[in-house]
Amino acid sequence: MPTARFLLWGGLVAAAGGALLCVLGWYGISGERFAERQLPYLASCTVPGAALIVAGAVLIGTAAARRTDARPAGSEPPGTDPDTAAPSSGEPPLRVPGGTLAHRPDCPLVADRADAVPAAGDPALAPCPVCEPWPP
């Protein structure tokens, strides 16, 4: 599910940025002897860094929840990787005339379109980011 992937990467970037800010805040504080000179580092680096770490953890948790919600237990045959599974139907991928993407027949972007035609293995077509008709 692409949304879960964006949430995961967004969470990882936010957590990494937060960790970097915390390290910079600690480095700034470590060079100051008096507490009143340490406060600016707390306010500008450490507190926002901690907030970014928490936000990243929430995004990563949401991505994990969406990934497990999208795949009900027992929906995949044993021994198959759902990320590289075959298309959901035996029909060939479809394309829209003039389009640049190949879609699964059940993709919401082409499911109700009467003008969708078989893609016929055109190597110039990119896989649809919504339905991912073939494994990368």
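## A buried glycine, a buried arginine and a nonpolar core

G28 is buried, with a relative accessible area of 11% (buried means under 20%, exposed over 50% and partly exposed in between, using a 1.4 Å probe and protein chains only). This glycine is found in helix α1, residues 2-30.

A word on the model: it is predicted, so local features need pLDDT of at least 70 and side-chain atom pairs count only at pLDDT 80 or more, while totals for chains, interfaces and linings use all residues. Residues are numbered from 1 along each chain as its sequence is written, and side-chain values use heavy atoms, without hydrogens and water. The chain averages a pLDDT (the predictor's confidence in each residue, from 0 to 100) of 79, and 79% of the residues score at least 70. Over residues 76-80, pLDDT stays under 50.

Now to R104, in the loop between β2 (101-102) and β3 (117-118). R104 is buried yet has no salt bridge (a side-chain nitrogen of Lys or Arg within 4 Å of a carboxyl oxygen of Asp or Glu). Here are some distances to look up in your viewer:

| Pair | Distance |
|---|---|
| R104 side chain to D106, the nearest side chain of opposite charge | 5.3 Å |
| R104 side chain to C131 backbone oxygen | 3.1 Å |
| G28 to C45, C-alpha to C-alpha | 9.0 Å |

Leaving aside neighbours within four places in sequence, C131 is in contact (heavy atoms within 4.5 Å) with H103, R104 and C107. Both C131 and C107 belong to the largest nonpolar core, whose seven residues also include L94, V96, V110, A116 and C128. Such a core is a set of buried Ala, Val, Leu, Ile, Met, Phe, Trp, Tyr and Cys residues joined through side-chain atoms within 4.5 Å.

How values were computed: Helices (H or I, at least four residues) and strands (E, at least two) are DSSP runs, numbered from the N terminus. Lys and Arg count as positive and Asp and Glu as negative; His and the chain ends are not counted. A polar contact is a pair of N or O atoms within 3.5 Å; within protein, one must be able to donate a hydrogen and the other to accept it, and residues adjacent in sequence count only if both atoms are side-chain atoms.
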